[in-house]
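Subject: A structure for you to explore

Hi there,

Here is the structure I promised to pass on to you. Have a look at it first, and then read my notes below.

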Amino acid sequence: MASKEKIRERIREIAGRKNNVGAAEIDWVMNQLKQFGNVSVETENVHIKMWRFDDEIFSICPHTKGGRQLKPVYVKNFLNAMMNTGWYD
């Protein structure tokens, strides 16, 4: 498992390139956060993935036409959740 600093570093890296982030990168961060809090994911269909970290909930849509990158709005949702939980400032 990654250290707190490595996780924070990855979140800052993602924030620096909101237009070029893949779902696997967010998955990696969330999987690492399992050691620090309550993390769960729900996938009711192939189009939406709903993440919960402690009391924060955000969703991403990993299936976009023409590429594997997430739309910036989903990256912003992730970053807002990380800000609200103190993992990103």
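**The enclosed helix**

Helix α2 is largely enclosed by the rest of the structure, because eight of its 11 residues are buried. "Buried" means under 20% relative accessible area, with exposed being over 50% and partly exposed in between (1.4 Å probe, protein chains only). Helices (H or I, at least four residues) and strands (E, at least two) are DSSP runs, numbered from the N terminus.

Before going on, please keep in mind that this is a predicted model: local features need pLDDT of at least 70, side-chain atom pairs count only at pLDDT 80 or more, and totals for chains, interfaces and linings use all residues. Residues are numbered from 1 along each chain as its sequence is written, and side-chain values use heavy atoms, leaving out hydrogens and water.

Which residues of α2 are buried? They are Ala 23, Glu 25, Ile 26, Asp 27, Val 29, Met 30, Gln 32 and Leu 33. Their cover includes α1, β1, β2, β3 and α3, where contact means heavy atoms within 4.5 Å.

**The sheet**

Three strands make an open sheet in the order β1-β2-β3, with antiparallel pairing. Two strands pair if DSSP finds at least two bridges between them. The edge strands, β1 (39-42) and β3 (56-60), each pair on one side only. On average, neighbouring strands of this sheet are turned by 20 degrees against each other, direction ignored. For such angles, axes are lines fitted to C-alpha atoms (for helices over the stretch in contact), and angles run from 0 to 180 degrees between N-to-C directions.

Helix α2 (residues 23-33) packs on this sheet and touches β1, β2 and β3, with its direction at about 30 degrees to that of β2. Helix α3 (residues 72-84) lies across β2 and β3, and runs at about 165 degrees to β3.

Val 41 stands opposite Trp 51 in β2, and Val 39 stands opposite Phe 53.

**Helix α1**

Helix α1 (residues 4-15) has 12 residues. In α1, Ile 7, Ile 11, Ile 14 and Ala 15 are buried. Why are they on the same side of α1? They cover an arc of only 100 degrees around the axis, the arc being that of the directions from the helix axis to the C-beta atoms. What covers them includes α2 and α3.

Happy exploring!

Notes
Expected span 1.5 Å × (residues − 1).
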